[in-house]
Number of protein chains: 2
Amino acid sequence: MERQSKTLVDTVFQGIFDLLIAGEIPLGGVVNEALLAERFKVSRGPVREAVKALQGRGLITKEPYLKARVVDLSVADMVQIFQLRESVEGMAVRLATRAMPDEALDQLLAEFADADRKQKRPALDVHVRIAEGCGNGRIQSLLCDELYYLLRLYRARSGDTPGRRDDAFAEHWQILRAMKARDADLAESLMRSHIARATESLQELLDSEGGAEASPASGQKSA
Amino acid sequence: MERQSKTLVDTVFQGIFDLLIAGEIPLGGVVNEALLAERFKVSRGPVREAVKALQGRGLITKEPYLKARVVDLSVADMVQIFQLRESVEGMAVRLATRAMPDEALDQLLAEFADADRKQKRPALDVHVRIAEGCGNGRIQSLLCDELYYLLRLYRARSGDTPGRRDDAFAEHWQILRAMKARDADLAESLMRSHIARATESLQELLDSEGGAEASPASGQKSA
DNA sequence: GGGCAAAAAAGTGTCAACACTATTGTGGGG
DNA sequence: CCCCACAATAGTGTTGACACTTTTTTGCCC
């Protein structure tokens, strides 16, 4: 009974997303409106709109009278997402290198060094912080509100690419140093290489998988 | 009366979008569900979902119990969109340079040369064709289904930046030549410069405008 | 016994009415 | 005369019922 100034649609939206992250609905699984309505103790209306919003965000695919399905993130889809991230995060770090004030950068470096000591990897967080600091709301929204949802969804299932933890850590460190030196070109180049390397890991995984799984499931039409 | 296998929501979605393009709803104007429902001869339900989808696509902003408003695309917003396009279209042309078959490239070049003779500028179309040819559905969807909608919306009002027609034409030509030569690095570099130049025009416009208009309106939360 | 057609079931799309919230207009007090 | 509280209004949020489409099941014919 706490403040529910947020509309039910938003609550349900978050709820369904949590279900996806938790894996309660399998990756290619169907999304039944009535069951969700029952589960969240609301009518089907808010559920429909929430599903529509999820669809607009690319997490759920759906065509007119067919059941809605959770997007099944194939490795091929992930490669495409990483290609997109390579370009966008490159631009993000370029902009952030110019836009972020010294204090914010210093704090980020300090936190990162701290996490290093504790062996806790901040991982995604560095990317998020850079996206937040780039000063471009559109880019930030794309990275933080859309692509990272898909990333989380993928990682919650497949587990991220192994053997890249330590490499990624070193690469993050390099990027932060370039930002501190206000070298936007270098920072962008490093970020792109950083993500490109992860993409290559995925690509190898895709090639090794062979043509076993062929799931297009990319790009949805709604108009 | 014709085949309306498409759901009403999709029809209304397209209808509202057309209204925005046509300028029947001014850029910061309110979007009244009941009026739209009346206009399209449907109930408010489909309108609500369509508006929600538009919101998910960033064309309409809305918070819980407040009126929905058409996003008012300030020049500052456009600069942000162009920065995003610079990175993504750069990647798109890089991928397309590798992915597009010779025949498709030749045809594109031929069409372009033809348009040159007729003085009809294909303009946006070149970007669309490259996006379609990049082989990455996610990037194609972002460029063609999201950003170009906003571009069209902006150009339908403000008219695009003057004095760049001829320059843009020459730059498109250069890009196509680089693609034909299968020089992905050059093609990406040219595309980025191409868009960056347009961004600079916008930036100058923004600076000359001064702080007259301050409309943030970028980035919407829905969860 | 296998395959096709019709009917039943399940699920999505649409609608109209009701509940809630924010805004606007109005009246009284300072 | 200005400002604040209160009622009236407009508009959004939610709901349950009904219509349409797809899928599955069942029964019939070959």
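In the predicted model, DNA strand C is surrounded by 17 residues, the closest of which are Arg48(A), Pro64(A), Thr7(B), Leu8(B) and Ser43(B). Of the atoms of DNA strand C that come within 4 Å of the protein, 78% belong to sugar and phosphate. By residue class, the surface near DNA strand C divides into 10 nonpolar, three polar and four charged residues. Helix H3 (44-56) of chain A and H1 of chain B each supply at least two residues of this surface.

The side chain of Arg48(A) places an N or O atom 2.4 Å from a phosphate oxygen of DNA strand C. For Asn32(A), a polar side-chain atom lies 3.3 Å from a phosphate oxygen of DNA strand C. On chain B, an N or O atom in the side chain of Thr7(B) is 2.9 Å from a sugar or linking oxygen of DNA strand C.

Across the interface of chain B and chain A, four salt bridges are found, and the count of residue pairs in polar contact, both at pLDDT 80 or more, is 14. On the side of chain B that touches chain A, two or more residues come from each of helix H1 (8-22), helix H3 (44-56), helix H4 (75-99), helix H7 (137-158) and helix H9 (184-209) of chain B. H4(B) gives the largest share of that side, 10 residues. The residues on this side of chain B comprise 12 nonpolar, 11 polar and 12 charged. In total, 35 residues of chain B are in contact with 35 residues of chain A. The two chains bury about 3500 Å² between them, with 51% of this area on carbon and sulfur atoms.

Chain A also contains an open sheet of three strands, arranged in the order S1-S3-S2 with antiparallel pairing.

Note on methods. Residues numbered from 1 in each chain as written. Chains lettered and ligands numbered in written order. Predicted model: local features only at pLDDT ≥ 70, side-chain atom pairs only at ≥ 80, totals over all residues. Heavy atoms only, no water. Contact = heavy atoms within 4.5 Å. Buried area = accessible area lost by both parts, 1.4 Å probe. Salt bridge = Lys/Arg side-chain N within 4 Å of Asp/Glu carboxyl O. Polar contact = N/O pair within 3.5 Å; in protein donor to acceptor, adjacent residues only side chain to side chain. Helix = DSSP H or I, 4+ residues; strand = E, 2+ residues; numbered from the N terminus. Nonpolar A, V, L, I, M, F, W, Y, C, P; charged D, E, K, R; others polar. Near = heavy atom within 4 Å. Pairing = 2+ DSSP bridges.
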